[in-house]
Amino acid sequence: MARLLAPGGSLEMACMVLEEGAESVYVGARGWSRRRADLEMSDEEIRAVCEFALRRGKEVRVAINTSPSSGEIPLLLRKVELYAGWGASGLIMSDLGCIYRVHRAFPGMKIHTSVCSAIINLAAIQIFQEAGAS
């Protein structure tokens, strides 16, 4: 079934698109999303959007489109743990290694492959699916 997924660049924007009919909103995690800084959200704002969405039976996806160094992966996993605990229903990710690690640590979390991944053939699709992305 198709669902309307809309961007939410700020807390106000995210809540507005959910109020106006989107079933799901995606937001950029500050410092992790490749979005302009004014279109990224702090963890506190992401928590507020998750609470807002859950009260309305809607979903939140968090964009984590950066390619962290090996040393940053533990921090990434802690952030995902926060988002999952707050009720985020999924992530939008581009880094294959991070997709693999997040999927292994949070098997119930939906992971969508970002357009930043530039997947252009069936072999790449299969590799991302094997890593845990949909």
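**Exercise 1.** Is E59 buried or exposed, judged by its relative accessible area?

*Solution.* The model is predicted, local features need pLDDT of at least 70, side-chain atom pairs count only at pLDDT 80 or more, and totals for chains, interfaces and linings use all residues. Residues are numbered from 1 along each chain as its sequence is written, and side-chain values use heavy atoms, with hydrogens and water left out.

Step 1. Buried means under 20% relative accessible area, exposed over 50%, and partly exposed in between (1.4 Å probe, protein chains only).
Step 2. E59 has a relative accessible area of 18%, so E59 is buried.

**Exercise 2.** Find which residues form salt bridges with E59.

*Solution.*
Step 1. A salt bridge needs a side-chain nitrogen of Lys or Arg within 4 Å of a carboxyl oxygen of Asp or Glu.
Step 2. The side chain of R61 meets that of E59 at 2.8 Å, N to O.
Step 3. K110 also pairs with E59, with the closest N and O atoms 3.6 Å apart.
Step 4. E59 lies in strand β4 (residues 59-64) and K110 in strand β6 (residues 110-113), so this pair ties together parts that are 51 residues apart in sequence. Strands are DSSP runs (E, at least two residues), and helices are runs of H or I, at least four residues, numbered from the N terminus.
Step 5. Through shared partners, E59, R61 and K110 join into one network.

**Exercise 3.** Describe the salt bridge between E51 and R47.

*Solution.*
Step 1. The N to O distance is 3.4 Å.
Step 2. E51 and R47 are four residues apart in helix α2, so about one helical turn separates them.
Step 3. E51 is partly exposed at 38%, and R47 is partly exposed at 41%.
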